[in-house]
Amino acid sequence: MHRLKQAVVVEGKYDANALRQLVDAPVFETGGFRGIADRELIALLRAAARARGLIILTDSDGAGFVIRNRLKSALSGENVLHAYIPDVYGKERRKAAPGKEGKLGVEGMRPEVLLAALKNAGAELDGESTHETADPITKADLYAAGLSGTPDAHTRRTALLRSLGLPEHLGANAFLQALRLLMTREEFIERYSNL
């Protein structure tokens, strides 16, 4: 069991169960779309974010990103981190068929994948934290690497997302935030300036 400084919010009870087996921290559930309109839950999440920080960890499908974005909007300005699981196709053991997009959710991820997602988000896990560097990757760096502003930028970005184990639904700003947590600007320029 790993000690996690921040609290975590996930979509459902099976996601929460998977996480509670890995980390010693408060884990909240939205109950899917229902919870994102619940004022009391949002107030609780806001209080948790202020007290200890909050990590949003949703599935990598479209519905997960809708929930994530609504929570992000409701909790703007708070101490919130975003953890992303990779696009892994398959179905959870308890389900008869895969989800609409055919991707595994948080509950279907291996423990090491969930821990990596938390670390990559900048979580303080077992007393150690990951912080963004003083010289972060910029939007200009993405443009110089051909990851934005060019006709084939989407294709390049999708390939990079896959290689880094990040979900395909990641928006431009979240993509930049994730890159800043995963590598330094120097590492990015060295690895991707010749894409």
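Strand 5 (residues 54-58) and strand 6 run parallel and are joined by five bridges. Within this pair, Ile56 stands opposite His82 of strand 6. The model is predicted: local features need pLDDT of at least 70, side-chain atom pairs count only at pLDDT 80 or more, and totals for chains, interfaces and linings use all residues. Residues are numbered from 1 along each chain as its sequence is written, and side-chain values use heavy atoms, with hydrogens and water left out. Strands (E, at least two residues) and helices (H or I, at least four) are DSSP runs, numbered from the N terminus.

Four strands make up an open sheet in the order 4-2-5-6, with parallel pairing. Two strands count as paired if DSSP finds at least two bridges between them. Strand 4 (27-29) and strand 6 are the edge strands, each pairing on one side only. On average, neighbouring strands of this sheet are turned by 25° against each other, direction ignored. Strand 2 (residues 7-10) pairs with strand 4 over three bridges, in the parallel sense. Here Val8 stands opposite Val27 of strand 4.

Strand 6 (residues 80-84) is mostly covered, with five of its five residues buried (under 20% relative accessible area; exposed is over 50%, partly exposed in between; 1.4 Å probe, protein chains only). Val80, His82 and Tyr84 are buried on one side, and Leu81 and Ala83 on the other.

**Helices across the sheet**

Angles run from 0 to 180 degrees between N-to-C directions, and axes are lines fitted to C-alpha atoms, for helices over the stretch in contact. Contact means heavy atoms within 4.5 Å.

| Helix | Lies across | Angle |
|---|---|---|
| Helix 2 (residues 39-52) | strand 2, strand 4, strand 5 and strand 6 | about 160° to strand 4 |
| Helix 3 (residues 62-74) | strand 2, strand 5 and strand 6 | about 160° to strand 5 |

**A helix pair**

Helix 6 (residues 153-164) packs against helix 7 (residues 172-182) at an angle of about 40°, and their axes are 12 Å apart. The two helices are therefore oblique to each other (under 35 degrees is roughly parallel, over 145 roughly antiparallel, 65 to 115 roughly perpendicular, the rest oblique). Which residues make the contact? Helix 6 supplies Arg157, Leu160, Leu161 and Leu164, and helix 7 supplies Phe175, Leu179 and Leu182. These contact residues divide into six nonpolar, no polar and one charged. Ala, Val, Leu, Ile, Met, Phe, Trp, Tyr, Cys and Pro count as nonpolar, Asp, Glu, Lys and Arg as charged, and the others, Gly among them, as polar.
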